[in-house]
Amino acid sequence: MTEPRTPGEHRLAELAEPEKEVAAGTRTLVVGPYLTRKRRLGAGDPEGEASNPRPPEARLDEASGLALAIDLSVVQSLIAPLSSPRPATYIGSGKVDELAALIRAEEIGLVVMDCALSPVQQRNLEKAWGAKVIDRTGLILEIFGRRARTKEGTLQVELAHLSYQKGRLVRSWTHLERQRGGFGFLGGPGETQIEADRRLIQERMNRIERDLESVVKTRSLHRTSRRRVPYPIVALVGYTNAGKSTLFNRMTRAEVLAENMLFATLDPTTRAIDLPHGEKAILSDTVGFISDLPTMLVAAFRATLEDVVEADVLLHVRDVSHGETEAQAGDVAVVLRELGIDPDDTRRIIEVWNKADLLSPEDRERLTTTSHRSGVELRPILISALTGEGVHELLETIEQHLAMGRKAYEVDVAPEDGRGLAWLHENTEILERRTMENGHTLLQVRLVAGKEPRFLNRFPTARVI
């Protein structure tokens, strides 16, 4: 039996009601109001080509994919060329009227605008079209709200959603401007409804932030305990739908949800993996990135993304079969910089070129040649997470990156010390092995993290190379 709601909780539910109207199967129109090429290439333009270099068709396809990710029925998607955004409706009045006719004819219930709308623009468009309107940020928030499964993920999404809703109250909800009277006949004008709603939202945000602080502490304790083991952390990052979860399942034999869908996985997952020479590592699957990822989402998910910040090695998973793979890589670099990570740090970041199984023979040969021309540290690894192609090479590359900076030793093993030789093979990376004339085995080994004290205790005469 559910507990009765307080008046404040009832009001918060009412404020969230507009988002609940975005039901699966809603007949949807996706509009791409993109600046024309002439404007995008304009010098000094704050919304210029550098902000989103993708062609309009690719951007519209992605917006439609976002709508399909929450089972909306996309009736039509179209590009609305724009010379400059209009303050009242973002697009021109002629295009507003043209789309109004289309919306009535097709019985559209929801219009997705692939841009960032102000509260005023959103409300004006809803009045003109008689349909619900959401912008790119609202759509991504809706997807995240449906994908969250853990308590932490739900709290993070709710925090981002409330931050978004709080901004929507400014100058758009005109029906909230009526005042609540004060007490008694001589009471003051009281608090306007909009002020009360903003206060309710802020109080709820404060409570969520306090709850998330405990999540941050718990994650910090988990990381501290992992350091004591200690296992290195390898984190998967990349554009949404690049195949991170499929690769995670392939490397860990886990069963994390992996579908051909934008933001199929939201909540982070970690598992232990075995590297080729016996070392263990912790592999972390994280939320996918996307172009124009709302700042409030990056802020809300900072606790989750701390695993990325503290990882020893990052695997930047790219879908090289996608026509916009370079632009997607640029978007991932933007988010990494926001997290304080240098995307050009080749000692820490390994590029993983995924979905090799979808490449034509010509593209595969071209990418293989490009990969082998790169230096050892810069070399991307071409794989197929679906078939397993290249995954063993990827594990070896992870091990090499983790070994950078670790000590290497030369050790002389007597012929009768079979157990010592077996221990070295199980617990170190064998770089070179030679059998001497006197029967002794001379090995050059690189130590796995945490094994140095036991190694030196067992082989006190070992010499640092």
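Predicted model: local features only at pLDDT ≥ 70, side-chain atom pairs only at ≥ 80, totals over all residues.
**Helices, sheets and a buried arginine**

Colleague: At what angle do H3 and H6 pack?

Modeller: Helix H3 (residues 56-68) and helix H6 (residues 136-147) pack at about 40 degrees, and their axes are 9 Å apart. Their crossing is left-handed.

Colleague: Which residues make the contact?

Modeller: H3 supplies Glu62, Ala63, Leu66 and Ala67, while H6 supplies Arg136, Leu139, Ile140 and Ile143. By class, that contact has 6 nonpolar residues, 2 charged and no polar.

Colleague: Back to E4. Which way do its residues point?

Modeller: Lys132 and Ile134 point one way from E4, Val133 and Asp135 the other way, and all are buried. Val133 is also the bridge partner of Val111. E3 and E4 are paired by 4 bridges in the parallel sense.

Colleague: Moving to H5. Which of its residues are buried?

Modeller: In helix H5 (residues 119-129), the buried ones are Pro119, Gln121, Gln122, Leu125 and Trp129. Viewed down the helix axis they fall within an arc of 165 degrees, so they line one face of H5.

Colleague: What follows H5?

Modeller: Gly130 follows H5, with a positive phi near 65 degrees.

Colleague: H15 next. Which residues are buried there?

Modeller: Helix H15 (residues 418-427) has Gly420, Leu421, Trp423, Leu424 and Asn427 buried. Around the axis they cover an arc of only 160 degrees, which puts them on the same side of H15.

Colleague: And which exposed residues does the face turned away from the buried side carry?

Modeller: That face of H15 carries Arg419 and Glu426, both exposed. The buried residues of H15 pack against strand E11 (408-413), strand E12 (428-435), strand E13 (441-447) and helix H16 (452-458).

Colleague: Now the open sheet of 6 strands. What order does it have?

Modeller: The order is E6-E7-E5-E8-E9-E10, with mixed pairing. Strand E6 (269-274) and strand E10 (381-382) stand at the edges with a single partner strand each, so one side of each has no neighbour in the sheet.

Colleague: How many bridges join E5 to E8?

Modeller: Strand E5 (residues 233-238) and strand E8 (residues 313-319) run parallel and are joined by 5 bridges. Val237 is opposite His316 in E8.

Colleague: Which strands does H12 lie across?

Modeller: Helix H12 (residues 325-338) lies across E5, E8 and strand E9 (349-354), running at about 150 degrees to E8.

Colleague: One more residue. Where is Arg318, and why does it count as buried?

Modeller: Arg318 is in strand E8. Its relative accessibility is 7%, and the cut-off for buried is under 20%, so Arg318 counts as buried.

Colleague: What does Arg318 touch, not counting residues up to four places away in sequence?

Modeller: On that basis, Arg318 touches Ala242, Thr325, Glu326, Ala329, Glu351, Val352, Trp353 and Asn354.

Colleague: Last, the whole chain. How many helices and strands, and what percentage of the residues is buried?

Modeller: The protein chain has 16 helices and 14 strands. Of its 465 residues, 49% are buried. Among contacts with a separation of 6 or more, 71% are between residues 24 or more positions apart.

Conventions:
Residues numbered from 1 in each chain as written. Heavy atoms only, no water. Buried < 20%, exposed > 50% of the residue type's maximum accessible area, 1.4 Å probe, protein only. Helix = DSSP H or I, 4+ residues; strand = E, 2+ residues; numbered from the N terminus. Arc of directions from axis to C-beta. Pairing = 2+ DSSP bridges. Contact = heavy atoms within 4.5 Å. Axes fitted to C-alpha atoms, helices over the stretch in contact; angles between N-to-C directions. Left-handed = near helix turned anticlockwise from the far one by under 90°. Nonpolar A, V, L, I, M, F, W, Y, C, P; charged D, E, K, R; others polar.
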